[in-house]
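Please read them beside the model.

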Amino acid sequence: MRKPIIAGNWKMNKFIPEGISLVKELKEILKPVKEREIVVCPPFTLLFSLAEELKGSNIILGAQNLFAAEFGAYTGEISPLMLKELGVIYCIIGHSERRRLFGEDNSLINQKSKIALKLGIKPIVCIGETLEEREKELTFSVIKEQITGVLAGLSSSELANIVIAYEPIWAIGTGRTATCEQAEEVHSFIRKEVSNLYGERIALALRIQYGGSVKPENIASLMKEKDIDGALVGGASLSADSFSKIVRY
Ligand code: PGA
């Protein structure tokens, strides 16, 4: 059985006091929830305070990015070891905003995922097609290329520590969610591709999140699909009310 994983991607939002009060509320509301893995991914500036705040709770700390090296002359970057020092367990890697705005490609995302795994951080690796690619019926070829690229050289045991987030770019922040059928079609394709690469046992254990305008109103029907194992939530993760409703769908 794959335990559903719901992660909140706060993106570049929340000052320290707001972030702390948000997780205080979440901790309270979500205390009884055992059947989901709950992750919050705040900006770097909040990681230290939230690590303290979340100690002993059922909410896990995640980051939004990392650099593909342990230490060195990389001005402005953050090492996976530094995240680990703060108690970060998961890290979003290759979000479409990073691909689009900062030129991250499958090969860099692959390097970042490899070093994260080596140093003990679990990657939430993002993939997804643009609207143009979907309209040209390129979705499956784009997804296949992304899967092959981002997972290149990873071992079967490393796959056990990865989560894949399928986020159709046209659904992110647009209010336009993929239909459950559209999402499931791609999720099952991803699982099939992973099965071709790593075998069925590994593919069946892999958790694949859906992301893109997930809200309290659409999460339950998405989660009914066979291959959807959770959600990566942007906008709706910024309030305790909507995020907790999503977690408890
Ligand atoms: P959204 O963002 O939920 O605001 O669409 C999702 C994401 O970018 O991870």
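1. A cavity, on a 1 Å grid over the protein atoms alone, is a set of points where a 1.4 Å probe fits but cannot get out, and a pocket is an open set with protein on both sides within 12 Å along at least five of seven lines; lining residues have an atom within 4 Å of a point. Grid points are joined across faces, edges and corners, and a volume is the space filled by probe spheres set on the points. Searching the whole structure gives one cavity of 30 Å³ or more.

2. On provenance: the model is predicted, with local features needing pLDDT of at least 70 and side-chain atom pairs counted only at pLDDT 80 or more, while totals for chains, interfaces and linings use all residues. Residues are numbered from 1 along each chain as its sequence is written, and side-chain values use heavy atoms, with hydrogens and water left out.

3. The largest cavity holds about 40 Å³ of space. Its lining consists of Gly94, Ser96, Arg99, Cys126, Ile127, Gly128, Gln146, Glu167 and Ile169. At least two lining residues come from each of α4 (96–102) and β5 (122–127); helices (H or I, at least four residues) and strands (E, at least two) are DSSP runs, numbered from the N terminus. By class the lining has three nonpolar, four polar and two charged residues. Here Ala, Val, Leu, Ile, Met, Phe, Trp, Tyr, Cys and Pro count as nonpolar, Asp, Glu, Lys and Arg as charged, and the others, Gly among them, as polar.

4. The largest pocket has a volume of about 370 Å³. Fourteen residues line this pocket, and Lys11, Met12, Gln64, Arg98 and Phe102 lie nearest its centre. Helix α4 gives the most to the pocket lining, with four residues. Seven lining residues are nonpolar, four polar and three charged.

5. Which residues come nearest to the ligand? They are Lys11, His95, Glu167, Gly173 and Ser213, out of 13 around it, where near means that a heavy atom of the residue lies within 4 Å. The shell comprises four nonpolar, seven polar and two charged residues.

6. A polar side-chain atom of His95 lies 2.7 Å from one, a backbone N or O atom of Gly173 lies 2.6 Å from one, and a polar backbone atom of Gly234 is at 2.9 Å. Taken alone the ligand exposes 280 Å², and the protein buries 95% of that; accessible areas come from the Shrake-Rupley method with a 1.4 Å probe.

7. Lys11 sits in the loop between β1 (5–9) and α1 (16–30). Its phi is near 50°, a positive value in a residue other than glycine. Lys11 is partly exposed because its relative accessible area is 22% (buried is under 20%, exposed over 50%, partly exposed in between; 1.4 Å probe, protein chains only).

8. Glu137, in the loop between α6 (131–135) and α7 (139–151), also has a positive phi, near 60°. At 73% relative accessibility, Glu137 is exposed.

9. Glu37 belongs to strand β2 (residues 37–41) and is buried, at 14% relative accessible area. Its side chain makes a polar contact of 2.6 Å with that of Arg207; such a contact is a pair of N or O atoms within 3.5 Å, and within protein one must be able to donate a hydrogen and the other to accept it, with residues adjacent in sequence counting only if both atoms are side-chain atoms.

10. Leu61 lies in strand β3 (residues 59–63) and is buried, at 4% relative accessibility. Leu61 and Gly87 are 26 residues apart in sequence, yet 7.1 Å apart in space, C-alpha to C-alpha.
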